[in-house]
Amino acid sequence: MEIRFQNSPKETSAMNTASLRENFLVQHLVKDDSIQLVYSHYDRVIIGGVKPVNEKLVLPNHPELRADFFLQRREIGIINVGGAGSISADGETFELNKLDCLYLGKGMKEVSFSSNNADDPAIYYLLSAPAHMNYPNRLLNKEEASPAVMGAQETSNHRTIYKYIHDAGIQSCQLVMGLTVLSEGSVWNTMPAHTHTRRMEAYFYFDVKPDQRVVHFMGEPKETRHLITNNHEAIISPPWSIHSGCGTADYAFIWGMAGENYTYTDMDPAPITELL
Ligand SMILES: O=C[C@H](O)[C@@H](O)CC(=O)C(=O)O
Ligand SMILES: [Zn+2]
């Protein structure tokens, strides 16, 4: 498990491309028959990618957690962006098709991931945050995830937002998680942008077409920077940073947050005309 410490807004404003990528871009999350984990000190979230092809993969513990097992004092949200698969948690098995989301509460001891078909393997993206109590495990598909259509074709940001884990959906201690799918011909996500100093956020771009990219914007609203991202790459967005992207074609992404509250609508606007 890789560990990433925090960076101040002042430190970030002096970074070059390589430093920005080293600190805020997460590559290589998706590897065959492997679980990749990155521990961020922003709200202590763990970002992960799990791709079981020929093997069943077991969620490992890590010494940095000083825990008896990974979910001893944590909760986790998992979304499948690949082929059909299943996840077992202490003997209970959940089937996940593409874009299904599974929440597992604090206390689950053994968590394992499988694919139904090695030729079309499941690809699980996960986000885990510290938790103080157990909320029930729950599986939700995207139709049940209160789809909200946002933006418009004229502003190239027509998209559907699916919310899975939040105060009016799957209950959690502090995790908020969902995904956004851009309509064909639409390329902008989260514009107008916002910050929420109450919560950090992580983005995971997927279904980015081959040879296309998403230009992700970060930084304080008056000190913006960009990161060029490829398919299956994640972005760590500090609480003080905007998080918005413009693709060279349509794409989708999972967003997830943790922090002071788990109210999806709690955002501070960063109006387009005020960005620098
Ligand atoms: O705090 C909320 C998150 O930034 C995302 O939900 C925004 C998003 O998916 C979008 O506008 O496309
Ligand atoms: Zn946000």
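Predicted model: local features only at pLDDT ≥ 70, side-chain atom pairs only at ≥ 80, totals over all residues.
Let me begin with glutamate 201, which touches Ser237, His243, Trp255, Gly256 and Met257 when residues up to four places away in sequence are not counted, and here contact is taken to be C-beta atoms, placed from the backbone, lying within 7 Å of each other. Residues are numbered from 1 along each chain as its sequence is written, and chains are lettered from A and ligands numbered from 1 in the order in which they are written.

Where does glutamate 201 sit? The residue belongs to strand S18, residues 199-206, where strands (E, at least two residues) and helices (H or I, at least four) are DSSP runs numbered from the N terminus. Glutamate 201 is buried because 26 other C-beta atoms lie within 10 Å; the rule is that a residue with 20 or more such neighbours is buried, one with 12 or fewer is exposed, and one in between is partly exposed, with C-beta atoms placed from the backbone.

Let us take two of the others in turn. Histidine 243 lies in the loop between strand S21 (233-237) and strand S22 (244-247), and histidine 243 counts as buried because it has 26 C-beta neighbours inside 10 Å. Apart from residues up to four places away in sequence, histidine 243 touches Thr190, Glu201, Tyr203, Met218, Ile235 and Ser237. Histidine 243 and glycine 219, which are 24 residues apart in sequence, are 7.9 Å apart from C-alpha to C-alpha.

Is histidine 194 buried, exposed or partly exposed? Histidine 194 is partly exposed, since 17 other C-beta atoms lie within 10 Å. Its place is in strand S17, residues 193-195, and, leaving aside neighbours within four places in sequence, histidine 194 is in contact with Ile242, Met267, Asp268, Pro269 and Ala270. In the loop between strand S16 (188-189) and S17 we find proline 192, and the peptide bond leading from methionine 191 to proline 192 is cis, with omega near 5°.

Which residues surround ligand 1? They are Arg159, Ile161, Thr180, Asn189, Thr190, Glu201, His243, Trp255 and Met267, each counted if its C-beta atom, placed from the backbone, lies within 6 Å of the molecule. This shell divides into 3 nonpolar, 4 polar and 2 charged residues, with Ala, Val, Leu, Ile, Met, Phe, Trp, Tyr, Cys and Pro counted as nonpolar, Asp, Glu, Lys and Arg as charged, and the others, Gly among them, as polar.

Now to the sheets. Four strands form an open sheet in the order S16-S22-S19-S20, with antiparallel pairing, where two strands pair if DSSP finds at least two bridges between them. The edge strands are S16 and strand S20 (223-229), each of which pairs on one side only. Strand S19 (residues 214-220) and S22 run antiparallel and are joined by 4 bridges, with valine 214 standing opposite glycine 247 in S22.

Elsewhere, strand S11 (residues 124-130) is mostly covered, as 6 of its 7 residues are buried. Strand S4 (residues 46-51) pairs with S11 in the antiparallel sense over 5 bridges, and isoleucine 47 has leucine 127 as its bridge partner there. Strand S6 (residues 74-80) also runs antiparallel to S11, through 7 bridges, and in this case isoleucine 79 is partnered by tyrosine 125.

Tyrosine 125 leads us to phenylalanine 204, which is in contact with Tyr125, Ala234, Phe253 and Ile254, leaving aside neighbours within four places in sequence. The largest nonpolar core has 74 residues, of which Val45, Cys101, Ala202, Phe204 and Phe253 touch the most other members; such a core is a set of buried Ala, Val, Leu, Ile, Met, Phe, Trp, Tyr and Cys residues joined through C-beta atoms within 7 Å.

Key
Contact = placed C-beta atoms within 7 Å.
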